[in-house]
Amino acid sequence: MEPPGRSSKRRRSDSGELEAGESSPVAAEATEVPNPHPATPPSPSSPPSDEGGGGGGGVDYISGLPDAILGEIIALVSTRDAARVQTLASRWRHIWRAAPLNLDSRELLDADEALSGAVSRILADHPGPGLRFCIPSHIVRDRPAAVDAWLRSPALDSLQELDFWLGQSCWSRRELPASTFRFAATLRVATFSELDLLDAKVEALHFPQLTHLALQDVSMAKGSLHTMISSSSCPVLECLLLDNCYGCRRLRISSNSLRSIAVGVDMHIGKPRLKEVTIVNAPCLERFLHIKIDEPVNVSVIVAPKLETLGCLNDEIDSSRLVFGTTVLQGFLVVSLTTVVRSVKILALKSLYIKLDTVIGLMKCFPCLEKLYIKSCISGRAMNRWRRKHRDFIKCSDIHLKTIVLEQYRGIRSQVNFASFFLLNARELELMTLELESQDYSEEFVAEQHGMLQMEKRASRGARLHFTGKGCQRFLMHVKHIRDLSITDPFECRCYN
């Protein structure tokens, strides 16, 4: 961070894209909409056909691979497909038993009794070691004896990923099974949901290889949470997800390894929940994410020189407070700007009514922004006129934005003024995406907007304007599992990839 100042100079079809250089918007070529159900690669049970094309039977190239490679393949495919390949030949059964076990109960039967029986049979039939074991949290709660026996099975020796995923929600909680701790030395990814983590057990834990940790609807005391995520307990932890944890109101984080943190809090009456996070020292931290907007979580950043991705900031209910040193933001309002934050490159905003004045204020705080996501409807109350009001900002500041995404675009005057500000002043802009409701999309609408946005006068000759009738299906960001925190840009839509 450094003192603020002058920046260094320098209506329904699927989807359509307008190239900025085209003179006729009507002639813009529609972009190809990615198939939302792409073909999946063949499983090991479907050998490739003969490349010679001689019309005869297919040649089984896969079975000719060494057992070690086949074992790696089996360990990566789904639990269901891994079971199916055993029917191909006796050799495949041998390979399945020799490969690390990947058991995800989400791919098995739904009924608890049938699910428990299937898990027991698989564990009994596999000698180990274990790679991944996933069961719903309510099974941990309702069938503790069975779960304890599963976790003690030799099939799960040297387990690398343990996932007690959020299943049937219930207020009752159970302690983390004691047999869980036998994997402490080998676990790399862990998700614990709807559990009580007690001080006595947590303080003795040490996860030397754990890189990803998710705690969802977990009750734990302040001391337990601090201990569990400390460098002494998790020396190589890179991704931390705290979703609806309670028992700890204030959390201070110091970690030399953390790269991504995500927090989210639902409204719970009478339960102490996380309200404040202080990043004391996180030299490798790159992403801090608010995955929910129901309740505010105040964030204070003391040392995080590599923090690049921030969001989703909101001011819809009670706005969160964000502090960088002596710079203070309350929701979107810059309360105090004594230092600018040049490390932040990606910013996402969520609001019912957002104004251009607000965004320009945030750009002064984060002058090196390259990607901006407006995940809300741009206010029609403010006309967002800018030519006179913000001419000093335009004259004295470089706008480094390369990508802008505006959701819920309808083409009303305030939205046109908002979008045209960036098209006419952002000299490094590469792509602006305007997400429409599908019923609003038409070639006539796109042509009209192309003229209203004055694309022929764009500041960046390489800028492209992309209209799409397919909005992102995720409410705020693409974070569904703890592994998703490794994604550089979690706000980029990947629904149709």
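Trainee: Which residues make up the covered face of strand β11?

Mentor: In a regular strand the side chains alternate between the two faces of the sheet. Strand β11 spans residues 250-254, and its uncovered face holds R250, R252 and S254. The covered face is made of L251 and I253.

Trainee: In the open sheet of six strands, which strands stand at the edges, and why is one side of each left without a neighbour?

Mentor: The order of the strands is β11-β13-β15-β17-β18-β19, with mixed pairing. An edge strand here has a single partner strand, so one side of it is left without a neighbour in the sheet. That is the case for β11 and for β19 (333-336).

Trainee: By how many degrees are neighbouring strands of this sheet turned against each other on average?

Mentor: We are still with the open sheet of six strands. The direction of the strands is ignored for this value. On average, neighbouring strands are turned by 15°.

Trainee: Now the three-stranded open sheet: in what order do its strands come?

Mentor: Start at the edges, where β5 (174-175) and β9 (219-220) each pair on one side only. Two bridges join β5 to strand β7 (residues 195-197), and these two run parallel. In this sheet the pairing is parallel, and the order is β5-β7-β9.

Trainee: Which residue in β7 does R174 stand opposite?

Mentor: The strand to look at is β7, residues 195-197, which is joined to β5 by two bridges. Opposite R174 you will find L195.

Trainee: Is E194 buried or exposed?

Mentor: E194 lies in the loop between β6 (189-193) and β7. Its phi is near 50°, a positive value in a residue other than glycine. Buried means under 20% relative accessible area. With a relative accessible area of 2%, E194 is buried.

Trainee: What is phi of D217 near?

Mentor: Most residues other than glycine have a negative phi, and most peptide bonds are trans. D217 sits in the loop between β8 (212-216) and β9, and counts as buried at 10% relative accessibility. Its phi is positive, although D217 is a residue other than glycine, and the value is near 50°.

Trainee: Which residue does a cis peptide bond join to G128?

Mentor: Look in the loop between α4 (112-125) and β3 (130-136), where P129 is found. Omega of the bond is about 5°. The residue joined to G128 by this cis bond is P129.

Trainee: What is omega near for the peptide bond from G311 to C312?

Mentor: C312 belongs to strand β16, residues 309-314. The peptide bond from G311 to C312 is cis, with omega near 5°.

Trainee: Turning to helices, at what angle do α9 and α11 pack?

Mentor: The helices are α9 (residues 356-365) and α11 (residues 413-425), with their axes 10 Å apart. L356, V359, I360 and M363 of α9 make the contact with F418, F421 and F422 of α11. These contact residues divide into seven nonpolar, no polar and no charged. The packing angle of the two helices is about 35°.

Trainee: Beyond its neighbours within four places in sequence, which residues is S153 in contact with?

Mentor: S153 lies in the loop between α6 (144-151) and β4 (161-165). At 10% relative accessibility, S153 counts as buried. Leaving aside those neighbours in sequence, its contacts are L123 and R182.

Trainee: How far apart are the C-alpha atoms of E456 and L423?

Mentor: E456 has its place in the loop between α12 and β24 (464-468), and counts as partly exposed at 48% relative accessibility. Along the chain, E456 and L423 are 33 residues apart. Their C-alpha atoms are separated by 9.8 Å.

Trainee: Last one: in which strand is confidence lowest, and what is its mean?

Mentor: The mean pLDDT of the chain is 81, while strand β13 has the highest confidence, at 96. Over residues 6-56, pLDDT stays under 50. Where pLDDT is low, the predicted coordinates should not be read in detail. Confidence is lowest in strand β1 (residues 15-18), at a mean of 40.

Notes. Residues numbered from 1 in each chain as written. Predicted model: local features only at pLDDT ≥ 70, side-chain atom pairs only at ≥ 80, totals over all residues. Heavy atoms only, no water. pLDDT = per-residue confidence, 0-100. Helix = DSSP H or I, 4+ residues; strand = E, 2+ residues; numbered from the N terminus. Contact = heavy atoms within 4.5 Å. Axes fitted to C-alpha atoms, helices over the stretch in contact; angles between N-to-C directions. Nonpolar A, V, L, I, M, F, W, Y, C, P; charged D, E, K, R; others polar. Pairing = 2+ DSSP bridges. Buried < 20%, exposed > 50% of the residue type's maximum accessible area, 1.4 Å probe, protein only.
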